[in-house]
Amino acid sequence: MATPIPSNYSRRAFLRTSSLVSGGMLIGFNLFNACKPKAEMPVDLASLNYNDFNAFIKIADNGKVTIFSTNPEIGQGVKTSMPMIIAEELNVPWEDVYVAQGILDTKNYTRQVAGGSQSIRFSWDALRQTGATARQMLVNAAAVKWGIDPAECEAKGGKITNNKGETLGYGDVVKEASGMEIPENVPLKDPKDYTIIGHDAKNVDLDKIITGKPLFGMDYKAEGMVYASVLRPPAFGQVLESYDAADAKAMPGVIDVIRIGERGRKLLEGGKKNWTVQLANTDKVVVIAKSTWDAMQGKKAIKATWSNNSTLESTTAHDALLTNLLDGDEFRTLRKDGDVEKAFKNADQIIERTYESPFLPHNCMEPMNFYADVTDTKIHLVGPIQTPESSAEAVAQLLERDLEDVHCEMTRMGGGFGRRLYSDFVLEAAEISDAIRKPVKMVSSREDDMTTGVYRPAIKYRIKAGLKDGQISGYQLKEAAINGNMYGLIPNFFPAGALENYQVDVANYQSNITTGAWRAPFTNFLSFAEQSFLDEVAEALEKDPVQMRLDLLQKVKGTTDERIQYSAERMEDVINLVVEKSGYRTPQEGVYQGFCAYYCHNTHVAEVADVVMEHDRPVVKKVTVAVDCGIVVNPLGALNQIEGGVVDGVGHSMYSDFKFKDGRPESNNYDQYRLIRMREAPLVETHFVENTLSPTGLGEPSLPPAGAAVSIAMNKATGNRLYKQPFINNMNTKELVG
């Protein structure tokens, strides 16, 4: 249902701008020792005498604190922001905190997943309680030493002070504290007293990143490790018939060539349909070598024969299939309010438009890779994965081993965007290691990633509105998608609840091309379609598009419909804020502005794009963003996420296209696949609605509105409506900037 506005809700805002682009406590648990048998403390901390406190915290005798970040880090900043939450309640100076990446630990941690912009949202209460409970235990230990009541003590700045002015450092009492009874329901700090949360903190890995220190999966090495390069089917719908590895085996550095896939094929045949994405291409040839270069060169020398086991699909065929679905009647209704057919029949005017989007690859900067060492007693996994728990479970099932045998460590990831939700490359590494019984690093090339990956599905939306007496009397959205359809929650986003007659219907075509989550799944394109359509409806009704949305939101306030996911009040606030800060009501001469407001991933965002004409070409100069994500844990990190989402949304909407022919992707590297360039990135000016509500996600919500805001601004600049992404295919030039 619509979220009520609490009494402590503040309608203030603060600006950030740039031109650059949970779980419980376990006493005595030592994650440094749990990582691997010979794990060592970082060099600068090795001399410190650390004491185990709980699964999240270690405290040294001198008061230095190590906090473990439990969730995968894909650039969204949780390795910085999650420890900040613990440190805030622990009352320890941030400069005294060292952050370490936690391992997969299902006993002590919950939801170790990087996806859906949910890490902070789901862990907020648990992390605060962890820090606060640890703080209280330290206070209790100090009180015992002094022989006084804990109520006479205060913890601040990593020290405990009593009412006589005596002090003890956290390191002085950590041994005693770690053995004390864990208190319950410890009071949490008032947000007005925060000294870490809400203040800028640089990325804890920043120094290592810019100096090239090992952090990422590609950096990981182990004694005796060999390298593997995997030859997969060149087209979706093909399987391996045979191969000749003689030339490859004769090449320098090549150790062996093997075939894998039988285990995965048996699982698929046994009905493990949920593994289709991970194991779609099950028959593969693997080159084992002394280096990545040797393995990849050896793969090129393999002479493989492939045969077709299903239709080799093409983009032209997909286009016709999706149109036929929209024209047909085989739909599944996700939401139905009122009677849209009756509304259309009685309407004064009908507006109907179709919007189209292509497949898109993920294009993570770091290609897929993973380390595996399978022995009779353990399965050691290390690498960049967004879903370590389900990946460990998949490996155990694939190799027919107990889950307790699997030990999984997470490295920092050079991008994820949903691609690393799928553990196909983890399974490959594990199966290879099991076959050769050596530690192995499986490394994909850029071409491997782009041509044998998981893609954003191609989708078409057809939206129809009936207009009656100057109002929207009926609204129907039809989705035709490759493979899966939109999530069940999305039909309950705006404008659901604001229209009496509202219906969402979906249909899909089951393809052998693997598709899956791509940054802001479904909403990344749906926002463009719906919000562009609403702008056109406002034009037909001769209404201001901003005011039309504000009027619709008035109908949602106070609703008892528990299906509604967004808050009308919070959406209204971001709309008003972005209109004020962007100068939307009084644009500068020659500046064409497009407006969009959208809710997804539990966050409300409104954006205004500024477009100017240069040399008869539209140029996106600036995007103003207003965001309500509740409490902003790390403003600097939040700013980076919002800017990255906007640039990503603008770039893919305008430039990125991906086609198939005879089952093969037609692009295999960046020379063939268009991404936004640095000189094309707009200035992003961000304004946060400041309040004390629990934080929500930021990794994805700023992306969906960007395409719509830009398309609406371009319409104003050129007089042409855009219905198909990428926009560049609908322009008269291949360059949209000077």
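Me: Hi! Where is the place of Asn492?
Reply: Hello! In this predicted model, Asn492 sits in the loop between strand 21 (471-482) and strand 22 (502-509).

Me: Is Asn492 buried or exposed there?
Reply: Asn492 is buried, with a relative accessible area of 9%. The cut-off for buried is under 20%.

Me: Which residues is Asn492 in contact with, leaving aside neighbours within four places in sequence?
Reply: Those are Arg335, Arg563, Ile564, Gln565 and Tyr566.

Me: And Pro491, what does that one touch?
Reply: Pro491 lies in the loop between strand 21 and strand 22. Not counting residues up to four places away in sequence, Pro491 touches Leu334, Arg335, Met486, Ala496, Tyr502 and Val504. Pro491 is buried, at a relative accessible area of 1%.

Me: What separates the C-alpha atoms of Pro491 and Tyr592?
Reply: A distance of 31 Å, with the two residues 101 apart along the chain.

Me: I'd like to check the backbone too. Which residues does a cis peptide bond with omega of about 15° join?
Reply: That bond joins Phe494 and Pro495. Pro495 is in the loop between strand 21 and strand 22. There is also a cis peptide bond from Gln725 to Pro726, with omega near 0°, and Pro726 belongs to the segment after helix 19 (703-718).

Me: Good to know. What about phi of Arg111?
Reply: Arg111 is not a glycine, yet its phi is positive, about 45°. You'll find Arg111 in the loop between strand 5 (97-101) and helix 3 (119-146), and its 27% relative accessibility makes it partly exposed.

Me: And what is the phi of Ala520?
Reply: Positive as well, about 60°, although Ala520 is not a glycine. Ala520 is in the loop between strand 22 and helix 15. With 0% relative accessibility, Ala520 counts as buried.

Me: Let's move to helices. At what angle do helix 15 and helix 16 pack?
Reply: Helix 15 (residues 523-541) and helix 16 (residues 545-554) pack at about 105°, and their axes are 9 Å apart. So helix 15 is roughly perpendicular to helix 16.

Me: Which residues meet in that pair?
Reply: From helix 15 there are Gln531, Leu534, Asp535, Val537, Ala538 and Leu541, and they meet Pro545, Met548 and Arg549 in helix 16. By type, the residues of this contact divide into six nonpolar, one polar and two charged.

Me: Thanks! Which residues of helix 4 are buried?
Reply: In helix 4 (residues 170-178), the buried ones are Tyr170, Gly171, Val173, Val174, Ala177 and Ser178. Looking down the axis of helix 4, they fall within an arc of 160°, so they line one face of the helix.

Me: And helix 12, which residues are buried in that one?
Reply: Helix 12 (residues 388-398) has Pro388, Ser391, Ala392, Ala394, Val395, Ala396 and Leu398 buried. Helix 12 is followed by Glu400, with a positive phi near 55°.

Me: Last topic, the whole chain. How many helices and strands does the protein chain have?
Reply: The protein chain has 19 helices and 28 strands. Its radius of gyration is 27 Å, close to the 27 Å from the globule rule for 738 residues, so the chain is as compact as a globular protein of that length.

Me: And what does the C-alpha trace span along its principal axes?
Reply: About 80 × 75 × 50 Å. As for burial, 60% of the 738 residues count as buried.

Key: Residues are numbered from 1 along each chain as its sequence is written. This is a predicted model: local features need pLDDT of at least 70, side-chain atom pairs count only at pLDDT 80 or more; totals for chains, interfaces and linings use all residues. Side-chain values use heavy atoms; hydrogens and water are left out. Buried means under 20% relative accessible area, exposed over 50%, partly exposed in between (1.4 Å probe, protein chains only). Helices (H or I, at least four residues) and strands (E, at least two) are DSSP runs, numbered from the N terminus. The arc is that of the directions from the helix axis to the C-beta atoms. Axes are lines fitted to C-alpha atoms, for helices over the stretch in contact, and angles run from 0 to 180 degrees between N-to-C directions. Angles under 35 degrees count as roughly parallel, over 145 as roughly antiparallel, 65 to 115 as roughly perpendicular and the rest as oblique. Contact means heavy atoms within 4.5 Å. Ala, Val, Leu, Ile, Met, Phe, Trp, Tyr, Cys and Pro count as nonpolar, Asp, Glu, Lys and Arg as charged, and the others, Gly among them, as polar. The radius of gyration is taken over C-alpha atoms; the globule rule is 2.2 Å times the number of residues to the power 0.38.
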